[in-house]
Amino acid sequence: MHWRFVLVVDHWGYIEHVAIGKIIHQRGGSLKPWNCTDLVVHSSRHWGALFALDGNNHHVIHKGGKFAHPKGGRPDAGNHTTVNLHSDEHAAMKFGFFSPSNLNTEVLVYGYPKMIGKWKIIHMVLNPSAEHTFTLMVKVGKSKTESRTCGFEYS
């Protein structure tokens, strides 16, 4: 039961079943599916079958903006519970993204972020005779465990 994410454009891609090559697809193939639209395995690849994987919030998001979660939204979904798309966000819709070679290792679906570009801080003092303290804090990353925060202060 291994799935892989096949990146197509930007952060959108197909969720492909490794053994058979078919992808997760919403029933009917619409780019704008209704709430409670079931997800199925299908061979057709098109814009309406694109998903994004939000590893920070543990969501699977359809291109149309809806989220994948167990039908009925129960956190303790039993056997034979189908997965569908819905606009609600709640704790029962969390997915984990793990390495197939080590199921205890959560992976960054899109790899490590790349920081590019140049940054320039422009600071102007309106009243030079008054005492000024300037603090700059920078956070790189989205999560508490994978982010770095640094800062400095001067007067």
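**Salt bridges in a predicted model**

Begin by selecting glutamate 16 and arginine 45, which form a salt bridge whose closest N and O atoms are 2.5 Å apart. The model is a predicted one. This pair links distant parts of the chain: glutamate 16 belongs to strand 2 (residues 12-17), while arginine 45 lies in the loop between strand 4 (37-42) and strand 5 (51-54), 29 residues apart. Colour the two residues by accessibility. Glutamate 16 is buried, with a relative accessible area of 9%, whereas arginine 45 is partly exposed, at 37%.

Next, select aspartate 38 and lysine 71. Their closest N and O atoms are 3.4 Å apart, and the two residues form a salt bridge. Here too the pair links distant parts of the chain, with aspartate 38 in strand 4 and lysine 71 in the loop between strand 7 (67-70) and strand 8 (83-86), 33 residues apart. Aspartate 38 counts as buried because its relative accessibility of 18% falls under 20%. Lysine 71, by contrast, has 40% relative accessibility and counts as partly exposed.

Move on to aspartate 76 and arginine 74, whose side chains meet in a salt bridge with an N to O distance of 2.9 Å. Aspartate 76 counts as partly exposed, at 48% relative accessibility.

Salt bridges that share partners join Arg4, Glu16 and Arg45 into one network. How many salt bridges does the count come to? The count is four.

Conventions. Residues numbered from 1 in each chain as written. Predicted model: local features only at pLDDT ≥ 70, side-chain atom pairs only at ≥ 80, totals over all residues. Heavy atoms only, no water. Helix = DSSP H or I, 4+ residues; strand = E, 2+ residues; numbered from the N terminus. Buried < 20%, exposed > 50% of the residue type's maximum accessible area, 1.4 Å probe, protein only.
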